[in-house]
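Me: Could you walk me through this structure and tell me what stands behind each label you use? I would like to see the criteria next to the values.

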Amino acid sequence: MLRPLVRRAARAFSTAPAASLRPAFLSSRLNVFVSHEADPINGNVIAKEIRQEIRQDVFAFQQRCGRFPGLAVLLIGERKDSQTYVRMKQKACDEVGITSSTHLFSDRVDEETILDCINDLNHDSSVDGILVQLPLPSHLNEKLIIASCSKTKDVDGLHPANVGQVLLEGSNAGFVPCTPRGCIELIKRSGCSIEGKHAVVLGRSNIVGKPVSLLLQAENATVTMCHSRTIDLPSIVRSADIVVAAIGKPNFVKGDWIKPGATVIDVGINVVDDPTRKCGYRLVGDVDFNEVRNVAGALTPVPGGVGPMTIAMLLSNTLKSAEASVKRQTKAKHAC
Ligand SMILES: Nc1nc(=O)c2c([nH]1)NC[C@@H]1CN(c3ccc(C(=O)N[C@@H](CCC(=O)O)C(=O)O)cc3)C=[N+]21
């Protein structure tokens, strides 16, 4: 029965001025929150809801247009993690009725072969989305390969034209990259409003840090982007109402860095040894979950947080692409 009261206290505290958050004060007040556990933000459940919504829209699309949306995935090389992710994407496509095809290449494939494959897919009207699984073997030019995908089929949102659209349009852009879009969706669906909040993003990668910062800003947050050269990271994070961690360092963000009641989104996927497990390893995020859960208002776990949302957003972008393609064809027909 105490939980809601404690949570309200945590939220009220989270809006206290930063000056009152000196460590001594924090630790004496923290006792109030020790028994308080953050709301887990269940990415598996939220992603499942989204997949169900997409499935209905996919079948409505098929009724209207006589075909299912199509996704083509290029998998180059034999990285185990990439193989797992691609399998998960195929399974998710099957579940919602998106037709998926995987194009496999050896890690010694030459660039020309990949560019030819992408060119064929660009011209294949049954393909709405093209995804080149990253990272690529080092002899391949990643920028060139991504830019060679038609920007109208770039469901990953990594083509320079789509990256620019996120800067200009925020969430209204053509294709918003899947992981950043998944983060925003998780924050919103966990009941946290973004407007006016101080959001601190850890990491400035092109795939997560930069786009998620732009999206948060477009939602009217005040955004601080931090990175490996940031000075006194803990004190900046302490002033955040929303933290997005995407730095790739296991358990890096500690409990005493977090403002009580803050929403914490953990994008990290780090493999650490775990001899107690059959496989010998486990996945952990960039956030020290066991510490932060006692302070945050809401927190995403790893696994089961952002990961499943990334895939749900890929399905959503593929459906969006199919709908846009049909619209373009109809327009072209009317123009004749
Ligand atoms: N062109 C491209 N687009 C991507 O979107 C892309 C990529 N390359 N390269 C690799 C990263 C990583 N990524 C993930 C997707 C799903 C989970 C996911 O669902 N993970 C599960 C756990 C999976 C497990 O147990 O191994 C979870 O977090 O619950 C994680 C990571 C997409 N990526």
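**Behind the labels**

Reply: Happy to, starting with the ligand: domain 1 (20-41 + 174-307) and domain 2 (67-152) both give residues to the shell around the ligand, so it lies between them. Domain bounds here come from an automatic or database domain assignment. This is a predicted model, in which local features need pLDDT of at least 70 and side-chain atom pairs count only at pLDDT 80 or more, while totals for chains, interfaces and linings use all residues. Residues are numbered from 1 along each chain as its sequence is written.

Me: What is the distance between the centres of domain 1 and domain 2?

Reply: Taken over C-alpha atoms, the centres of domain 1 and domain 2 are separated by 30 Å.

Me: Which residues come nearest to the ligand, and what makes a residue count as near?

Reply: A residue is near a molecule or strand if its C-beta atom, placed from the backbone, lies within 6 Å of it. There are 18 residues around the ligand, and Leu134, Pro303, Gly304, Gly307 and Thr310 come nearest. The elements giving two or more residues to this shell are α4 (80-96), β4 (129-132) and α12 (306-335). The largest share, 4 residues, comes from α12.

Me: How do you know what counts as a helix or a strand, and how many of each are there?

Reply: Both are DSSP runs numbered from the N terminus: helices are H or I with at least four residues, strands are E with at least two. By that rule the protein has 12 helices and 11 strands.

Me: How does the shell around the ligand divide into nonpolar, polar and charged residues?

Reply: The shell has 12 nonpolar, 5 polar and 1 charged. Ala, Val, Leu, Ile, Met, Phe, Trp, Tyr, Cys and Pro count as nonpolar, Asp, Glu, Lys and Arg as charged, and the others, Gly among them, as polar.

Me: Why is His123 called exposed?

Reply: His123 has 9 C-beta neighbours inside 10 Å, so it counts as exposed. His123 lies in the loop between α5 (111-122) and β4. Across the whole protein of 336 residues, 41% count as buried.

Me: Is Asp232 buried or exposed, and what is its phi?

Reply: Asp232 counts as exposed because it has 9 C-beta neighbours inside 10 Å. Although Asp232 is not a glycine, its phi is positive, about 55 degrees. The loop that holds Asp232 runs between β6 and α10 (233-237).

Me: What makes α9 mostly covered?

Reply: In α9, 9 of its 10 residues are buried, including Val212, Leu214 and Leu216. The buried residues of α9 pack against α7 (160-169), α8 (178-189), β5 (198-202), β6 and β7 (242-245). Contact here means that the C-beta atoms of two residues, placed from the backbone, lie within 7 Å.

Me: What makes a nonpolar core, and which residues touch the most other members of the largest one?

Reply: A nonpolar core is a set of buried Ala, Val, Leu, Ile, Met, Phe, Trp, Tyr and Cys residues joined through C-beta atoms within 7 Å. The largest has 84 residues, and Val243, Val244 and Leu315 touch the most other members. α12 gives the most to this core, with 9 residues. The core also draws at least three residues from each of domain 1 and domain 2. Leaving out residues up to four places away in sequence, Leu315 touches Arg51, Ile54, Ala92, Cys93, Val96 and Ile98.

Me: Which peptide bonds are called cis, and what is omega for each?

Reply: The bond joining Leu134 and Pro135 is cis, with omega about 0 degrees. The bond from Val302 to Pro303 is also cis, with omega near -5 degrees. Pro135 is in the loop between β4 and α6 (142-148), while Pro303 is in the loop between β11 (298-299) and α12.

Terms used:
A residue is buried if 20 or more other C-beta atoms lie within 10 Å of its own, exposed if 12 or fewer, and partly exposed in between; C-beta atoms are placed from the backbone.
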